[in-house]
Amino acid sequence: MVSLNAVLLISFLLFTIGIIGVLIRRNALVILMCVELMLNAANLNFIAFARHSGSVSGQAFALLVMGFAAAEVAVGLALVVALYRKRDTVQVDDINLLKG
Amino acid sequence: MEHFIETIGRNMFAIFGVMALGGAAFMVGSRSAVHSVLGFLFAMLCVAGCFLSLEAEFLGMAQILVYAGGIVVLFLFVVMLVEMSKKKEKAVFQLQSRHAIAVALLGAAAFLGVFRKVLFGAASPDALVLRPELAAGLDVAKQNAQAVSRGLYADYLLPFEILSVILLVALVGAVVLAKTERV
């Protein structure tokens, strides 16, 4: 059987890769994808603990998280498109309108 | 041969997990956005495989439908819309990359230090096995989808309804944000 430790380790590593991606990439699209990756790591934990405790709540919440991720992607991509129309770029360090 | 296949079957989760890590690393490291999307797709499919090997069949299939079918296609469309810019990307990574990686790894190390016992300690003997007194409660649901639907519609109806409202708001917000200013 799958041990809980292995699941936690994999999800931890996925989350770390996601955080590193958010911090180091310039492309707003890739940053959005990294946020999705972190949500998936959390989902993996939800499911592992649901399996561990024998309750179905974790799986139900993982499904809810999936829905939230879809909503977040819709708004995020709309923002990226609007930004591209205004500033002609999706590189986050070219966007410095609020910088004094 | 039989033994080999059996070993693979037992380690399905680890195989899918390592492949997901590879896809994620490819996504973060690759220069072109399309390659990043493909790495993302691969990682999501492997995470779906992980869900399946954790016996969450419904969620595995939902993962494939939502991510591979919906979100990745959305990302690809936006990449095609946006990435044809005239000026080329100056650099892939931020200026502060080195500091950022150092800080992230430091945070990860601190996390590992705190949760070392949980992650690497002796696996609890009853890991990931249904406890009998809990399994009795799940007897009504013979299949995973049934169990999940009971969880969603019986125990967590309010969060589910709130999620539907949030999806509606996100839909309207996306339309308002992305529409051209013609008024």
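What span should the twelve residues of helix H8 (residues 144–155) of chain B have, and how far apart are its end C-alpha atoms? At 1.5 Å a residue, the helix should span 16 Å, and its end C-alpha atoms are 16 Å apart, which agrees. The expected span is 1.5 Å times one less than the number of residues. Helices (H or I, at least four residues) and strands (E, at least two) are DSSP runs, numbered from the N terminus.

The model is predicted: local features need pLDDT of at least 70, side-chain atom pairs count only at pLDDT 80 or more, and totals for chains, interfaces and linings use all residues. Residues are numbered from 1 along each chain as its sequence is written, chains are lettered from A and ligands numbered from 1 in the order in which they are written, and side-chain values use heavy atoms, with hydrogens and water left out.

To return to H8(B), its buried residues are Asn144(B), Ala147(B), Val148(B), Gly151(B) and Leu152(B). Seen down the axis of H8(B), they fall within an arc of 130°, so they line one face of the helix. The arc is that of the directions from the helix axis to the C-beta atoms. An α-helix has 3.6 residues a turn, so residues three or four places apart point the same way. Buried means under 20% relative accessible area, exposed means over 50%, and partly exposed lies in between (1.4 Å probe, protein chains only). The cover over the buried residues of H8(B) includes helix H3 (57–87) of chain A, as well as helix H4 (57–82) and helix H9 (157–178) of chain B. Contact here means heavy atoms within 4.5 Å.

Chain B as a whole has nine helices and zero strands. Of its 183 residues, 30% are buried. Among contacts in chain B between residues at least 6 apart in sequence, 53% join residues at least 24 apart. Chain B exposes about 11,700 Å², and carbon and sulfur atoms supply 71% of that area. Accessible areas come from the Shrake-Rupley method with a 1.4 Å probe; for residues, only the protein chains shown count as cover.

Part of the surface of chain B is a nonpolar patch of about 750 Å², made by Met1(B), Phe4(B), Ile5(B), Ile8(B), Met12(B), Ile15(B), Met19(B) and Phe42(B). Helix H1 (2–10) and helix H2 (12–29) of chain B are the elements that give two or more residues to this patch. Phe4(B) lies in H1 of chain B. Patches are made of residues with over 30% relative accessible area and no salt bridge, with like charges joined within 9 Å and nonpolar side chains (Val, Leu, Ile, Met, Phe, Trp, Tyr) within 5 Å.

Chain A has three helices and zero strands. Of its 100 residues, 60% count as buried. Contacts in chain A between residues at least 6 apart in sequence join residues at least 24 apart in 57% of cases. Chain A exposes about 3,600 Å², with 73% supplied by carbon and sulfur atoms. The 31 residues of H3(A) should span 45 Å at 1.5 Å a residue, and the end C-alpha atoms are 44 Å apart, which agrees. H3(A) is followed by Asp88(A), whose phi is positive, near 65°.

The segment after H3 of chain A holds Val92(A), which is partly exposed at 28% relative accessibility. Leaving out residues up to four places away in sequence, Val92(A) touches Arg25(A), Arg26(A), Ala28(A), Ile31(A) and Gln94(B). Val92(A) and Ile31(A) are 61 residues apart in sequence and 9.3 Å apart in space, C-alpha to C-alpha.

How many salt bridges does a search of the whole structure find over all chains? The search finds two. A salt bridge is a side-chain nitrogen of Lys or Arg within 4 Å of a carboxyl oxygen of Asp or Glu. One joins the side chains of Arg26(A) and Asp93(A) (2.4 Å, N to O). Arg26(A) lies in the loop between helix H1 (4–24) and helix H2 (28–53) of chain A and Asp93(A) in the segment after H3, so the pair ties together parts that are 67 residues apart in sequence. Arg26(A) is buried, at 7% relative accessible area, whereas Asp93(A) is partly exposed at 28%.

Glu55(B) forms a salt bridge with Arg51(A), with the closest N and O atoms 3.3 Å apart. This pair crosses between chains, from the loop between helix H3 (33–53) and H4 of chain B to helix H2 of chain A. Glu55(B) is partly exposed, with a relative accessible area of 36%, and Arg51(A) is buried, with 15%.
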